[in-house]
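Open the model in your viewer and keep the selection panel at hand. The stops below go from a helix to salt bridges, a loop and a strand.

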Amino acid sequence: MGSDRERISYDPNQQYRGVVLQQGRVTVAADANEVQDILSQEISDDALDFVGPVGTPDNGYLIGTVDDGSRDLTIGPGTMYVGGVRVSLAKPCTYSAQPDWLTPDPALQTGRELICLELREQEVSAVEDEALRDVALGGPDTAARLRIIQRIVRYPTKADTCGDALAEVKAWWGKAGLEYDDKTCRLAPSAKLSIEFEKTETSTDKCQPDAHYGFLDAENRMIRFQVAAPDKLLWGYDNASFIYRVDVQNDKKTLRLHSVPVDAAHEPGAVQVVEVLPSDVMLSNGQYIAAETGHVTTLAEGYDRDKQTVVLQTPIQFSLATGGPSDPSVFLRVWNGILDLPAQKQKVGDTGLLVSVEGTCHVGDYWTVALRPATPTQAYPGRYLKEAQPPDGPRRWVCPLAVIEWKQDDTGSRLADCRKQFDNLVELTQRKQIGCCTHVVTPKDAGRLQKLLSRLKDATVCFMPGTYILPQTLKLGRKNPNLVLKACREGVVLRADEKALEKFQQGLILIDGADRITLRGIEFAPPLVEMPDKLANRERGDLEGNAAAVLKDLLVCIGIRLFDCTNLTIEDCRFAYPAGEKRMVWGAGVLASGECDHLTVQRNRFLSTEDVRTASRFLMGYGMTPNSQMAAGEAGGRVVLSKLDNALFRDNCFERIAAAALIFSTAGAIKIESNTVRDCYGGFCLFDLASLPSVKSATEIMAPRTVAEPAARLYEVMSGVARDPVLQFTALLARGYPLPDDYDLRRSALVKTARPPAPNRISETDEKVLKRGAFVRAVINNGLTFNVRSERLATEPPTGDVANLVELRKPIPHVEPLVSIQAIDDQIGDIELQAIVKTGVHSALSLDFSNNEVICAATGDRATFPGLVVWDTDAFTASSVIVNANKIRSKSALPTVCILLAERCAVTGNLIFNEMLQENLVTNVFVEEKTAEEERLRKETFGEKPTPQGPASFLLVPGTKDNAEGNPAVAITGNVFRYEPFPLPTRPDGLPPWEHLNTEL
């Protein structure tokens, strides 16, 4: 609301740094106000120089979605600098319950939107906040206050990146009369206003003097001009500061003023122009700030002193509160007149002033001009008489926060995080190399990048924006430690030369053995290249069946390939998989083998624009597997085993790919948190090295009749996970993909024979136990999982006991065109198992999987893979798994979440939904029908509730390391399951089952 000022004397063009008070001189309010304006502008300019246009030091204003059908947004607490203005949010809130917006605009019904933080500077009077009145003075108001109104606003967009979405919204702002400045984040009005004094003709009658020229009022005035509508301009004396809190009568036309006018001259009269303002912001003390603009009309009846009322010409059009002491207030603002726009030298009442407005006007824009009868031909500031001036306010700043996409099912996801984060000076001082560019390159340097990088270490290479056309794969090795490759700002793209695609079979960047490499802010556009002629060192023509034809028709797409990299950081990068190709495509944003410890992958985007199922795309975000190269003939080969420890995956987005992360490795500490997986076939898959090849070999399992039902379902799940055609094909190509030509084979494990010798580092000595051990451990050593302690399973029938066993036959056959890869898959599995036995590699998995949103959704009713699979076959280490506060959805014939053989597990506070339709489920495991006696035994063993035969939401089969007392070391509480989980592990006698501590829908 406007304050009662005499004039605004601050002019930034004068470049004054302060106000100097002199002795014996009169000090007016304009002097004190100018002091504040100078200091405020100085502080903002400093912050703009230090921070830049926008930045948050504490992850403030993080935008999330609320998937309850409301299409609401969550807003995280913290601090944000916008154009040098610092604002903060003390605690988290939602879009619909913002502290500074009582009635936010409604959400979109579907599609994408750019979420922005909008700041507006507004004056607050004592009429709005009655706490500003000083009781000791009898209640009059003194000084007004300035406040920054902050709001989260939503703009529809078709773009999926922050830059493109902002460009769309800028165009919309331009049509609304606003111009956005990227350097200051100011959203400034484009309209301009000029004034002049009305000129009168000189009288020819000497007895009739000339009319007075200039300002005609007898009092000092400050006139406020404000846009009420695109075609209306309000004007009022005293900066239009006279405002009254009112009560609205039932007819919505009669208003009762809470306070009386200061004198008879200020009493609103008939046909007086007024503006009725709703409340816009509730202050912490329960008072309300009036809206910037409101319902403009005239008075049908002037001020009635007895009733203390006025009557409007037209009723109020906005909605009113229902009544009560806490309801928002309504305010009445008094104006002196209204003009039509566009205003071309229109008279401003009887003031002798003419006003002109040019450009597109935005509602709420205002100008203030001070006029004095002592100097009737001057205005303050005087620049209004020289040329048209932009509005004095309100000052607005805007910064983008996120791009959100809403689906038809009312679920939303964050496509892009537009916020810029910065560290304080202490952190910057302690960090080496950050912000210090030792080399700066431009797109013109793409041809010499390899030559430059090959000789660098302990350096930071800064990429200026642009597209870098690489002539071949960039290679970093052991001679390049502590190297940072970062974008100076958004818009750095690495792309392959279309004329040399054959040189990119190892990806855009190959990092082999380098330590402390950082890639930051770069967009990778990996090319589609022909599949190499060899798979696992076998010539394509030597493969069985139609495998050669399948691989010949295959295209490969790799962004970054890694071997034995420690302390690698990939952050704020974008991996854009190519689209439009009709052939099958396999690849990964990041493809790793060997030891890759202390890995950080955060705030990256792995994006495909094509449906993963209909377009035959076998793409991974992060893929890590062993790499196997068979020797000539069938006599062994070499295996580059994989190991991952101290790894962090945080705030990444994976969209429309086969798997967000496929990690087939010996694993230690891994943290996966706050990631978004959207419309992918599978989510996060973590397999121990021996898990997949061992289960693929276990095709004839015998189970006692009394546990045949749960054993069959467990066998179906484990075999279904291991033999899923998409997963199997994706993993096989990663395991058998050719090594770089200069790879040092001495870093791989040599397997000399086709059959492994008797192992000397593990307790099992039978090859069959090694191959089939995963399922045997899951059922024999975990009888408690099914409330069975005495029954045993075997990989072959024991003598004399055949009648009590049921065969669990091979489930889930391969699907064309992937049938022919089974033979080479099994051969690779053989040498991988031998390499595991030979090296004796062990590592205790410690997984923290928290606050992730994983949506595995296929088109129509087609099935997907689970959203999370954790499989630890290593019996020599105690693994631990924490799954906490995640939202995981799938359409899978398998459970949405599968945790197999982890010794210590805590699964708490998750939403785990399987949306697979019951009628689309196909069961392939054969189990003989039970007799009445066998059914009685089954009920005694498992209770009345049968083992789930349809889609399941959750499966946990704990390991046996901490199971000596018969009680698995697990906790499963506070979860919501759609479709019941598999029978959960038992608890000690006397305690209720885990099912009672969760919700099943």
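On this tour, a residue is called buried when its relative accessible area is under 20%. Keep in mind that the model is predicted.

**Stop 1: helix 2**

Select residues 162-175, which form helix 2. This helix has 14 residues. From its first C-alpha to its last it reaches 20 Å, close to the 20 Å expected at 1.5 Å a residue.

Now show side chains. Which residues of helix 2 are buried? They are Cys162, Ala165, Leu166, Val169 and Trp173. Look down the axis: these residues cover an arc of only 95 degrees, so they sit on the same side of helix 2. An α-helix has 3.6 residues a turn, so residues three or four places apart point the same way.

What do the buried residues of helix 2 pack against? Colour strand 7 (111-124) and strand 8 (145-157), then strand 9 (178-180) and strand 10 (187-189).

Step just past the end of helix 2 to Gly177. Its phi is positive, about 85 degrees.

**Stop 2**

Select Thr184. It lies in the loop between strand 9 and strand 10. Leaving aside neighbours within four places in sequence, Thr184 is in contact with Leu48, Gly83 and Trp397.

**Stop 3: Asp365 and Arg396**

The whole structure holds 44 salt bridges. Start with the one between Asp365 and Arg396, whose closest N and O atoms are 3.5 Å apart. Asp365 is in the loop between strand 23 (353-358) and strand 24 (366-372), while Arg396 is in strand 26, so the pair ties together parts that are 31 residues apart in sequence. Are these two residues buried or exposed? Both Asp365 and Arg396 are buried.

**Stop 4: Asp417 and Arg419**

Move to Asp417 and Arg419. Their side chains meet in a salt bridge at 2.8 Å, N to O. Asp417 is partly exposed, at 33% relative accessibility. Arg419 is buried, because its relative accessible area is 8%, and the cut-off for buried is under 20%.

**Stop 5: Glu915 and Arg889**

Next, select Glu915 and Arg889. Here the side chains meet in a salt bridge at 3.2 Å, N to O. The pair links distant parts of the chain, 26 residues apart. Glu915 is in the loop between strand 67 (911-914) and helix 11 (932-942). Arg889 belongs to strand 64 (residues 887-890). Glu915 is partly exposed, with a relative accessible area of 23%, whereas Arg889 counts as buried at 16%.

**Stop 6: Ser628**

Finish at Ser628, in strand 47 (residues 627-630). How much relative accessible area does Ser628 have? The value is 0%, so Ser628 is buried. Show Glu832 as well: its side chain makes a polar contact with the side chain of Ser628 (3.3 Å).

Leave aside the neighbours of Ser628 within four places in sequence, and its contacts are Ala536, Arg638, Val639, Arg735, Gly736, Ile828, Ile831 and Glu832. Select this set to see what surrounds Ser628.

Notes:
Residues are numbered from 1 along each chain as its sequence is written. This is a predicted model: local features need pLDDT of at least 70, side-chain atom pairs count only at pLDDT 80 or more; totals for chains, interfaces and linings use all residues. Side-chain values use heavy atoms; hydrogens and water are left out. Helices (H or I, at least four residues) and strands (E, at least two) are DSSP runs, numbered from the N terminus. Buried means under 20% relative accessible area, exposed over 50%, partly exposed in between (1.4 Å probe, protein chains only). A polar contact is a pair of N or O atoms within 3.5 Å; within protein, one must be able to donate a hydrogen and the other to accept it, and residues adjacent in sequence count only if both atoms are side-chain atoms. Contact means heavy atoms within 4.5 Å. The expected span of a helix is 1.5 Å times one less than its number of residues. The arc is that of the directions from the helix axis to the C-beta atoms. A salt bridge is a side-chain nitrogen of Lys or Arg within 4 Å of a carboxyl oxygen of Asp or Glu.
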